[in-house]
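Reader: I would like to learn how to read pockets and helix packing in a structure. Please take me through an example.

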Amino acid sequence: MSKTKLSSIVAGTMNWGDWDKKLSTEEMQHTIHLCLENKITSFDHADIYGGYTTEEQFGNAFKQSGIPREQVQLISKCGIQYLAESRANTIKHYDYRKEYIIWSAEQSIQKLQCDYLDVFLLHRPSPLMQADEIAEAIEYLKTNGMIRSFGVSNFTASQTELIRQKTQIEFNQIQFSATYFEAMLDGSLDYMQLHGIQPMAWKPLGTVFRENSSQTQRLKTLLERLTIKYEAGADTLLLAWILQHPSKIIPVAGTVNPARIQSLMKANTITLDLEDWFAIWTESMGNKVP
């Protein structure tokens with residue numbers, strides 16, 4: 001089976017439901033349509049989003065949208081046992097038993113009202129995970145047509161390799177941005193390139209618009225100049241900076257703002273001049289490159 005192809009920017013749904021925006025079914029449906037109109041066809045979920053409620057809310061909206069299943073790619077994650085009304089958990093923990101992985105995939109498929117997941121990820125690494133047991137679960141899910149591609153999320157290179165020795169890994173969703181760039185220095189992105197694993201980046205705008213620190217002040221000052229040069233917003237330039245990395249990182253953008261959704265894909269049309277790319281990294285570090 002060929003590798004699942006995702007849109008160059010993925011819509012992140014973590015904030016669509018009860019955890020933040022509390023979109024109605026109609027608002028979710030409108031946002032899904034708006035994403036597709038702007039060539040964003042992949043949607044990133046996790047079972048825990050909204051306290052285990054957002055997948056079902058999205059599934060209802062998607063069913064009512066009338067959009068053919070084959071026009072979208074649905075991503076979900078499992079493994080975090082979260083404190084929520086629908087679970088009897090007494091502490092947040094991780095569960096990667098074979099039975100739980102399979103059950104989690106079945107639950108996500110049911111809630112999203114689809115026949116399969118395009119990509120299924122282990123949400124965070126557990127010190128107790130058994131690679132053989134995980135591989136058995138993934139093989140079962142693939143053989144039964146429930147998932148098409150498998151990956152991990154927030155895994156280091158060595159944690160990924162532990163699982164990759166037993167089953168194919170195609171994606172790793174990590175934190176990466178102009179303000180959180182460790183993955184390109186610690187070997188994580190190098191490892192992914194070596195083994196054909198495509199990175200996805202959550203929180204791709206970093207803290208530029210969330211914090212007022214010396215780091216973000218330096219970046220904002222630079223971006224003010226670059227927005228004039230490239231005739232694009234600062235958020236678009238930050239995505240373009242990520243997209244320019246040779247590991248072919250896919251940003252996961254969580255915005256539901258219509259204007260921002262419409263501008264996301266412009267990042268694909270921008271190639272930053274070499275010195276501008278390094279200027280963004282330099283201003284983030286607060287010193288010249290090593």
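Reader: How do the residues of the lining of the largest pocket divide into nonpolar, polar and charged?

Author: Note that this is a predicted model. The general idea comes next. Rolling a probe the size of a water molecule over the atoms shows where empty space is left. Here, the lining of the largest pocket divides into 15 nonpolar, eleven polar and ten charged residues.

Reader: About how much space lies in the largest pocket, and which residues are the closest to its centre?

Author: The space in the largest pocket is about 850 Å³. There are 36 residues in its lining, and Met14, Asn15, Lys203, Arg210 and Gly254 are the closest to the centre. At least two lining residues come from each of helix H9 (234-243), strand S10 (250-253) and helix H10 (258-264).

Reader: Which residues line the second largest pocket?

Author: The second largest pocket holds about 240 Å³ of space. Its lining includes Thr4, Lys5, Leu6, Ser7 and Ser8, and also Gln198, Leu243, Lys248, Ile249, Ile250 and Asn268. By class, that lining has four nonpolar, five polar and two charged residues.

Reader: Now the helices. At what angle do H8 and H9 pack?

Author: Again, the general idea comes before the case. Two packed helices are described by the angle between their axes and the distance between the axes. For H8 and H9 the angle is about 90° and the axes are 9 Å apart. H8 is therefore roughly perpendicular to H9. On the H8 side the contact has Leu223, Leu226, Thr227 and Tyr230, which meet Ala234, Leu237 and Leu238 in H9. By class, the residues of this contact are six nonpolar, one polar and no charged.

Reader: How do the axes of helix H8 and helix H11 cross?

Author: The axes of H8 (residues 214-230) and H11 (residues 274-285) come within 8 Å, and the crossing is at roughly 160°. Angles over 145 degrees count as roughly antiparallel, so H8 is roughly antiparallel to H11. The crossing of H8 and H11 is right-handed.

Reader: Which residues in H8 meet which in H11?

Author: From H8 come Gln215, Arg218, Leu219, Leu222, Arg225, Leu226, Lys229 and Tyr230; from H11 come Asp276, Ala279, Ile280, Glu283, Ser284 and Met285. The residues of the contact of H8 with H11 divide into seven nonpolar, two polar and five charged.

Reader: What is the angle between helix H3 and helix H4?

Author: H3 (residues 54-65) packs with H4 (residues 98-112) at about 40°, and their axes are 7 Å apart. Glu55, Glu56, Phe58 and Gly59 of H3 make the contact with Ser108, Lys111 and Leu112 of H4. The classes in the contact of H3 with H4 are two nonpolar, two polar and three charged residues.

Notes. Residues are numbered from 1 along each chain as its sequence is written. This is a predicted model: local features need pLDDT of at least 70, side-chain atom pairs count only at pLDDT 80 or more; totals for chains, interfaces and linings use all residues. Side-chain values use heavy atoms; hydrogens and water are left out. Axes are lines fitted to C-alpha atoms, for helices over the stretch in contact, and angles run from 0 to 180 degrees between N-to-C directions. Helices (H or I, at least four residues) and strands (E, at least two) are DSSP runs, numbered from the N terminus. Angles under 35 degrees count as roughly parallel, over 145 as roughly antiparallel, 65 to 115 as roughly perpendicular and the rest as oblique. A crossing is left-handed if the near helix is turned anticlockwise from the far one by less than a right angle, and right-handed if clockwise. Contact means heavy atoms within 4.5 Å. Ala, Val, Leu, Ile, Met, Phe, Trp, Tyr, Cys and Pro count as nonpolar, Asp, Glu, Lys and Arg as charged, and the others, Gly among them, as polar. On a 1 Å grid over the protein atoms alone, a cavity is a set of points where a 1.4 Å probe fits but cannot get out, and a pocket is an open set with protein on both sides within 12 Å along at least five of seven lines; lining residues have an atom within 4 Å of a point. Grid points are joined across faces, edges and corners, and a volume is the space filled by probe spheres set on the points.
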